[in-house]
Amino acid sequence: MTTHRLPRKATVLLAGLVLAALAGCGAADKGTPEALGSGGPAKPVKAVPAAPPGLAGMPPLLAPDDVYAADRPNKLSPVVKNFPSRVYVPNTSSNTVSVIDPATYKVIETIPVGVQPQHVVPSWDMKTLWVNNNRGHTLTPIDPATGEAGKPVEVHDPYNLYFTPNGKYAIVMASMDKELVFRDPHTMDRVKTVPVTCFGVNHADFSADGRYFIVSCEFSGELLKVDTEKMEVVGQQKLPFEGAMPQDVKVSPDGKTFYVADMMAHGMWVLSGDAFDTPKLLPTGKGCHGLYVSRDSREMYVSNRGEGSISVFDFKQNRLTKKWDLPDGGSPDMGGVSADGKVLWLSGRYNSEVYAIDTKSGEQLARIPVGSGPHGLAVYPQPGRYSLGHTGIFR
């Protein structure tokens, strides 16, 4: 093998050129670098966008540590800001919806609907209120701008109704059919039917990123975890209490914890949604039923239907801090919080009445007679950018 050596002068000259080039790089203007071999500026490297943290198409959270950040007092969307303030009460045994003016605490209208209306549910785009006529197998649309009911839409076994966080689907909780039915959110045409093996699917809430939701199965005492995008059940567990009857479901403001009311265990089940681990019971009161978050995201109001009381849970302290007893008892069930956050509205399921409760003092402001079997009432409008369903879960 022959080794060719450069003459000493050539070697020195080459080294000088290299040093000059390096010096030039170091002394060059800190502006646009030059592209190798082009003599001109280099093209900027395109950044590859990271995958969105949430469900595709879901509006991003306003605050990463508070899923309810859009629900502040009177922060009404332009879509709903001109709607009259009303409380819509589905009377399950009267087949009507009582409409209450919250300013006067008076029923101003009674709307005939289908058989066994269970809940009044704001649509994802917040333009329509859907009355779930469970045994009538229809949804009655109400225009919240005028209060007028439209033509019923045929939907089988609509016990409750939810919407995916991206607004792509409506989800019918078909309790007796043992199905989760994904539908078009406007026409309600069936898209996909997901059979389940538990009994009585009824309430739900979504994870902070919208990628899954937790469902309560009232009649078999179970919980389901459902992949939102795949529309598949990915987890199922039996609650560790004989005779458990889970009801309302709510996620914590930071999105880490799920709370599930249980009317037979008389308290809330507490669990991690991500881990879907074995939940722990936090006793609240007899017949624990509905869960409603305050406008400042600090507290949650828990209705105890079996004893006529409301427990108040503090998220930061992770404990119950107050309990309000209704004068003369009652059966507080489902409802919602007023737009200004000052009044908690609850139906009196077995007393044919509705309760208005001061959220600061717990004082009963009004007890209003309505039809028979009032259930999932909706306070409307409420703050938020879009609705996930039930009586008003807003983000």
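Below are legends for a few close-up views of this predicted model.

Some housekeeping first: residues count from 1 along each chain as its sequence is written, and side-chain values use heavy atoms, with hydrogens and water left out. Because the model is predicted, local features need pLDDT of at least 70 and side-chain atom pairs count only at pLDDT 80 or more, while totals for chains, interfaces and linings use all residues.

**View 1. The largest cavity and its lining.**
The whole structure has 2 cavities of 30 Å³ or more; a cavity here is a set of points on a 1 Å grid over the protein atoms alone where a 1.4 Å probe fits but cannot get out. The largest holds about 190 Å³ of space, with grid points joined across faces, edges and corners and the volume taken as the space filled by probe spheres set on the points. Its lining, meaning residues with an atom within 4 Å of a point, runs to 16 residues, and Lys250, Val293, Arg295, Gln382 and Gly392 lie nearest the centre. Strand 21 (288–293) and strand 25 (332–337) each supply at least two lining residues, and strand 25 gives the most, with 3. Strands are DSSP runs of E, at least two residues long, numbered from the N terminus. By class the lining splits into 6 nonpolar, 7 polar and 3 charged residues; Ala, Val, Leu, Ile, Met, Phe, Trp, Tyr, Cys and Pro count as nonpolar, Asp, Glu, Lys and Arg as charged, and the others, Gly among them, as polar.

**View 2. The second largest cavity.**
This one has a volume of about 30 Å³. Among its lining residues are Met58, Phe206, Tyr386 and Arg395. The class count is 7 nonpolar, 2 polar and 1 charged.

**View 3. The hairpin of strands 2 and 3, with Tyr105 in its turn.**
Strand 2 and strand 3 run antiparallel, joined by 6 bridges; strands pair if DSSP finds at least two bridges between them. Ile100 has Val107 in strand 3 as its bridge partner. The hairpin leaves 4 residues between the strands, and Tyr105 in that loop has a phi near 60°, positive in a residue other than glycine.

Trp345 belongs to strand 26 (residues 343–348) and Tyr105 to the loop between strand 2 (96–101) and strand 3 (106–112), so the pair ties together parts that are 240 residues apart in sequence. Tyr105 is partly exposed, at 29% relative accessible area, whereas Trp345 is buried, at 2%. Buried means under 20%, exposed over 50%, and partly exposed in between (1.4 Å probe, protein chains only).

**View 4. Lysines over rings.**
Lys178 lies over the face of Phe199, 4.1 Å from the ring centre. Lys225 puts its charged end over the ring of Tyr212, 4.3 Å from the centre. The test is NZ of Lys or CZ of Arg within 6 Å of the ring centre and within 35 degrees of the ring normal.

Asn318 is exposed, at 53%.

Conventions:
1 Å grid on protein atoms, 1.4 Å probe; cavity = no way out; pocket = protein on both sides within 12 Å on 5 of 7 lines; lining within 4 Å.
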